Amino acid sequence: MPTTTAQHYHIFGQGISQSLSPTIHNAAFAHYGLPHRYDIKECNSLQDVKPLIEDPAFGGSSVTMPHKLSAGEFCAQVADSATRLGAINTLIARFIDTEDGTSKRQIHGDNTDWSGLYSLIKEHATGEGKQVGLVIGAGGAARAGVYAMAQAGIERIYVGNRTLAKAEQIARDFEDLCPVIPVEFPSVLPEAPDVIIGTVPGDAMSQDAFKGLFGNEKGLCIEMAYKQE
């Protein structure tokens, strides 16, 4: 049974004032008659919201850019997928039974980015030969994008980023899954991608940076960061 004690849920990140997460979660709470609330907490560092995480009323949070790589410091447990990715986008407060018969509150870290991306890629896969992927960006969301593509059977994955060294690090971290090729972005790729995942902030690049990427008649483009006009 879900708890009826009011809990506080948040989204932590930067540039998230237009996030739809509160609308979605609060509508779900209202639909199921739950007393919880979900709100936006802009922060330069997760240390800024440490009191919220340690609050007994904290139920959990979404974690978005640029904090996905640092969220692990608050976690007593981390899901295997989040450990593999080196990025956490979800914090969950759980009570763990102890040997003395009491329960202890712990923060569990997880990553749900990759599974959502994986489902979309598999749903829209053409099945026509080997496919090529492009992930734009080199942060925590980009790592989830590369992992999702690899799990979905994409043969080669390009990681495009303005700072090439960060793309090169991702390539090294996931080279055991499939060929991952770091490139400076924007740049002209040697082949047209079938699947593109954008992970940079919505106002970080102009539309001109994306010209020429969509060379195939069929394909899938997923934008993980958005900015409402």
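Biologist: Are Y147 and F174 buried or exposed?

Modeller: Start with the scale. Buried means under 20% relative accessible area, exposed means over 50%, and partly exposed is in between (1.4 Å probe, protein chains only). Here, both Y147 and F174 are buried.

Biologist: What kind of model am I looking at?

Modeller: This is a predicted model: local features need pLDDT of at least 70, side-chain atom pairs count only at pLDDT 80 or more, and totals for chains, interfaces and linings use all residues. Residues are numbered from 1 along each chain as its sequence is written, and side-chain values use heavy atoms, with hydrogens and water left out.

Biologist: How is a pair of aromatic rings described?

Modeller: By the distance of the centres and the angle of the planes. Rings of Phe, Tyr and Trp (its six-membered ring) pair if their centres lie within 6.5 Å. Planes under 30 degrees apart count as stacked, over 60 as edge-to-face, and the rest as tilted.

Biologist: How many aromatic pairs does the rule count?

Modeller: The count is 4 aromatic pairs. Take Y9 and F29. Their ring centres are 5.6 Å apart and their planes meet at 40 degrees, so this pair is tilted.

Biologist: Where do Y9 and F29 lie?

Modeller: Helices (H or I, at least four residues) and strands (E, at least two) are DSSP runs, numbered from the N terminus. Y9 lies in strand 1 (residues 8-13) and F29 in helix 1 (residues 21-31), so the pair ties together parts 20 residues apart in sequence. F29 counts as buried, at 11% relative accessibility.

Biologist: How far apart are the rings of Y147 and F174, centre to centre?

Modeller: They are 6.5 Å apart, with 55 degrees between the planes, and the pair is tilted. Y147 is in helix 5 and F174 is in helix 6 (residues 164-174), so the pair ties together parts 27 residues apart in sequence. Ring pairs also link W114, Y118, Y147 and F174 into a cluster.

Biologist: How many salt bridges are there in the whole structure?

Modeller: First the rule. A salt bridge is a side-chain nitrogen of Lys or Arg within 4 Å of a carboxyl oxygen of Asp or Glu. The search finds 7 of them. One joins D39 and R37, at 3.8 Å from N to O. D39 is buried, with a relative accessible area of 19%. R37 counts as partly exposed, at 42%.

Biologist: Which residue forms a salt bridge with R143?

Modeller: D173 does, and the closest N and O atoms are 3.0 Å apart. This pair links distant parts of the chain: R143 is in helix 5, D173 is in helix 6, and they are 30 residues apart. R143 is buried, with a relative accessible area of 12%. D173 is partly exposed, at 26%.

Biologist: What does E191 form with R156?

Modeller: A salt bridge, with the closest N and O atoms 2.6 Å apart. E191 lies in the loop between strand 9 (180-184) and strand 10 (195-198), and R156 lies in strand 8, so the pair ties together parts 35 residues apart in sequence. E191 counts as partly exposed, at 24% relative accessibility. R156 also counts as partly exposed, at 24%. Salt bridges that share partners join E155, R156 and E191 into one network.

Biologist: How far is P179 from R156 in sequence and in space?

Modeller: They are 23 residues apart in sequence, and 5.2 Å apart in space, C-alpha to C-alpha. P179 sits in the loop between helix 6 and strand 9. P179 counts as partly exposed, at 46% relative accessibility.

Biologist: Now pockets. What is the volume of the second largest pocket?

Modeller: On a 1 Å grid over the protein atoms alone, a pocket is an open set of points with protein on both sides within 12 Å along at least five of seven lines. Lining residues have an atom within 4 Å of a point. A volume is the space filled by probe spheres (1.4 Å probe) set on the points. The second largest pocket has a volume of about 500 Å³. Of its 22 lining residues, the closest to its centre are A138, G139, K166, T199 and P201.

Biologist: Which helix gives the most to that lining?

Modeller: Helix 5, with 3 residues. Helix 5 (140-151) and strand 8 (156-161) each supply at least two residues.

Biologist: Why does the second largest pocket lie between domain 1 and domain 2?

Modeller: Domain bounds come from an automatic or database domain assignment. Domain 1 (7-110) and domain 2 (114-223) both give residues to the lining, so the second largest pocket lies between them.
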